[in-house]
Amino acid sequence: MTAHSTTSPDRIAESWRPRLVALDIDGTLVDARNQLSPVVDAAVRQVVRAGAHVVLATGRGLTATRPLAQHFDLPTPYLVCSNGAVTVRLHPEGAALTHDGSVDGRGVELVDVVTFDPEPVVRMLLSRLPGVLVAVEELGVGYRVNAHFPQGELTGEIEVQSIAQLVAEPATRVILREPTIEAEQFLDIIDRVGLHGVAYYIGYTAWLDLAPEGVSKATGLAKVAERLGVDREDILAIGDGDNDAEMLSWAGRGVAMGNAAIEIQRVADHVTALQEDHGVAVELARWFPDIAVPAVPSS
């Protein structure tokens with residue numbers, strides 16, 4: 001698939017250059033095997049060298065996002081995690097705690113954390129999907145689960161608890177996974193149930209992410225931009241999933257990956273190449289001329 005624009009070419013002047021680049025991870029930076037191509041790796045590093053801020057904005061929890069931020073050696077490592085419910089800035093690990101405790105011993109500064117009561121929605125979904133796997137994020141640690149998820153799907157420390165224990169306290173992120181049914185059947189059940197009072201995002205498998213109502217990657221990114229003194233008009237956001245829609249609509253320039261669903265492409269200002277064709281690097285090369293990318297094959 002070739003990159004194509006969905007808006008008039010004069011919406012963004014060719015002399016424009018983003019001051020902040022927000023990047024989704026899965027399906028955007030990395031493939032289904034969590035592999036980052038050397039082409040995209042080099043492109044992101046060049047953006048950093050050019051002086052622009054790079055912010056990872058993802059549905060992943062902090063424990064799964066931090067290694068990639070460390071890989072890029074970001075000078076101002078702000079992360080929007082858990083679909084916007086957790087926004088942090090990273091400092092060197094082992095750094096001294098600040099006087100107000102805002103930076104912990106792992107070097108994590110909590111910029112914003114939003115929680116919700118998971119009990120009503122979890123119990124309602126369990127009544128329709130009694131065998132569903134449930135995971136509740138333990139911020140910066142891992143997950144508490146009612147049973148083990150398929151290998152490799154969760155990162156960090158995993159502790160098995162009862163449903164009563166899982167829903168007893170406010171949560172930043174809850175995952176429901178039903179590995180025994182197809183994604184289409186899972187989606188149909190979720191659609192028929194109807195979810196209220198939470199934000200939710202459905203993955204490519206029978207996977208459901210729950211987040212606090214009104215929270216999205218866009219809300220987390222707005223807090224980072226305010227801290228950095230960057231206007232939304234100077235932000236480039238790239239993503240591929242339904243949890244990227246708000247961010248792509250909010251940013252000065254929102255770019256969907258070529259592998260994004262058509263609904264996500266429609267809300268974007270532009271559609272770049274497929275992830276496998278280094279779509280992130282293709283878009284970044286437009287604004288940062290020192291980035292080199294292979295030719296994108298024609299469709």
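Visitor: What share of the contacts in the protein chain between residues at least 6 apart in sequence join residues at least 24 apart?
Guide: The share is 58%, where a contact means heavy atoms within 4.5 Å. This is a predicted model, in which local features need pLDDT of at least 70 and side-chain atom pairs pLDDT 80 or more, while totals for chains, interfaces and linings use all residues. Residues are numbered from 1 along each chain as its sequence is written, and side-chain values use heavy atoms, without hydrogens and water.

Visitor: How do you know that the radius of gyration of the protein chain agrees with that of a compact globule?
Guide: The rule, over C-alpha atoms, is 2.2 Å times the number of residues to the power 0.38. For 299 residues a compact globule would have a value near 19 Å, and the protein chain has 19 Å, so the two agree. The C-alpha trace spans about 55 × 50 × 30 Å along its principal axes.

Visitor: What makes strand β5 mostly covered?
Guide: In β5 (residues 86-90), 4 of the 5 residues are buried, that is, under 20% relative accessible area with a 1.4 Å probe, protein chains only. Across the protein chain, 55% of the 299 residues count as buried.

Visitor: Why are β4 and β5 called paired, and how many bridges join them?
Guide: Pairing takes at least two DSSP bridges between two strands; β4 (residues 78-81) and β5 have 4 and run antiparallel, so they count as paired. Valine 80 has threonine 87 of β5 as its bridge partner.

Visitor: Which strand do 5 bridges join to β5?
Guide: That strand is β6 (residues 108-113), antiparallel to β5. Here threonine 87 has aspartate 112 of β6 as its bridge partner.

Note on methods: Buried < 20%, exposed > 50% of the residue type's maximum accessible area, 1.4 Å probe, protein only. Helix = DSSP H or I, 4+ residues; strand = E, 2+ residues; numbered from the N terminus.
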